[in-house]
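Hi there,

Here is the structure I promised to hand over to you. Have a look through it first, and then read on for what turned up.

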Amino acid sequence: MRKSHPVRRVVLATAATVSGVVLLLSLKPASDPAAASAAGAAPQPTAAGQESPQGGARGAAPAGSGTVTGDAAQTQYGAVQVRLTVSGGKITKAEAVQAPKGGLSDQKTQLAVPKLNQEAVAAGTADIDAVSGATYTSEGYKKSLQSALDKIKPASSGTSGAAGAAARTVTGKAVRTQYGPVQVRITVSDGKITEAEAVQAPKGGLSDQKTQLAVPKLNQEAVAAGTADIDAVSGATYTSTGYRQSLQSALDQAGG
């Protein structure tokens, strides 16, 4: 009997050790973080985190921005082709990548193109004045400019349709008066004028006083009326008339 006691102890100890190991192995998959990661529990939130920034980057891309080149317009003295840089649907830069060259055409091109570029940016449309002495170049420029603007329209209209009540800023045509040009810029939202300002107005001498008196009143009238049918400011008839004509030009561009 004395010899059997140590054997029993060894058997019992071995059985207890085996049971403990089995229990530890059975608990490890549920409690070990490394095992959970290997099973695929951790990668799921990581993948979701990667998708969100990509979607945000696509949504943040500005619409109606980039460079657009109009069709080359043939004239009696050579081709004219206009390239526009557009940001947020507005022309920020205009340049002629083609224009008549050689002989007298060089002089006329150097005279006309810078002025036409400025007019295109200021007006935001192809409704700009021809440069005196460069009629053919001016006409070709306007045709190519309109072609470039037509290429912008699909992107602009799609964006405005999605945005619904997106505000739009439009600059009217510069109107010449006896005392200087008048040009009006308006901001339109939901078909209504929300802001009006004169980006050009008569300057110098007495004109400064009349401009300071008339323009703020005309701006207020334009917003209140929502049309170009506003009263002239007493003592600033020429400025008022030019303002109304430029305002109407801006409204025509905005479709109002």
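In helix 6 (residues 206–225), a kink of about 25 degrees lies at alanine 214, shortly before proline 216. The bend at a residue is taken here as the angle between axes fitted to the seven residues ending there and the seven starting there. Helices (H or I, at least four residues) and strands (E, at least two) are DSSP runs, numbered from the N terminus. Please bear in mind that this is a predicted model: local features need pLDDT of at least 70, side-chain atom pairs count only at pLDDT 80 or more, and totals for chains, interfaces and linings use all residues. Residues are numbered from 1 along each chain as its sequence is written, and side-chain values use heavy atoms, with hydrogens and water left out.

How far apart are the end C-alpha atoms of helix 6? They are 28 Å apart, which agrees with the 28 Å that its 20 residues should span at 1.5 Å a residue; the expected span is 1.5 Å times one less than the number of residues. The buried residues of this helix are Ser207, Thr211, Ala214, Val215, Leu218, Asn219 and Ala222. Buried means under 20% relative accessible area, exposed over 50%, and partly exposed in between (1.4 Å probe, protein chains only). An α-helix has 3.6 residues a turn, so residues three or four places apart point the same way. The buried residues of helix 6 pack against strand 7 and helix 7, where contact means heavy atoms within 4.5 Å. Just after helix 6 comes glycine 226, with a positive phi of about 75 degrees.

Three strands form an open sheet in the order 5-6-7, with antiparallel pairing. Strand 5 (168–171) and strand 7 (192–200) stand at the edges with a single partner strand each, so one side of each is left without a neighbour in the sheet. On average, neighbouring strands of this sheet are turned by 20 degrees against each other, direction ignored. Helix 7 (residues 237–254) packs on the sheet and touches strand 5, strand 6 and strand 7; its direction makes about 40 degrees with that of strand 6. For such angles, axes are lines fitted to C-alpha atoms, for helices over the stretch in contact, and angles run from 0 to 180 degrees between N-to-C directions.

Two strands pair if DSSP finds at least two bridges between them. Strand 6 (residues 183–189) is joined to strand 7 by 7 bridges, while 4 bridges join strand 5 to strand 6. You can follow one line across the sheet at valine 188: this residue is the bridge partner of arginine 168, and its own partner in strand 7 is isoleucine 193. Elsewhere, glutamine 183 stands opposite glutamine 200, and arginine 185 stands opposite glutamate 197. Strands 6 and 7 form a hairpin with 2 residues between them, and aspartate 190 in the turn has a positive phi of about 55 degrees. Of the 7 residues of strand 6, 6 are buried, so this strand is largely enclosed by the rest of the structure.

Is serine 105 buried or exposed? At 13% relative accessibility, serine 105 counts as buried. Leaving aside neighbours within four places in sequence, serine 105 is in contact with Tyr77 and Pro100. Glutamate 119, also in helix 4, counts as partly exposed at 24% relative accessibility. Apart from neighbours within four places in sequence, glutamate 119 is in contact with Gly124, Ile128 and Arg176.

Finally, the overall picture. The protein has 7 helices and 7 strands, in the pattern α-α-α-β-β-β-β-α-α-β-β-β-α-α along the sequence. Buried residues make up 30% of its 256 residues. Among contacts between residues at least 6 apart in sequence, 44% join residues at least 24 apart.

Enjoy exploring it!

Best wishes
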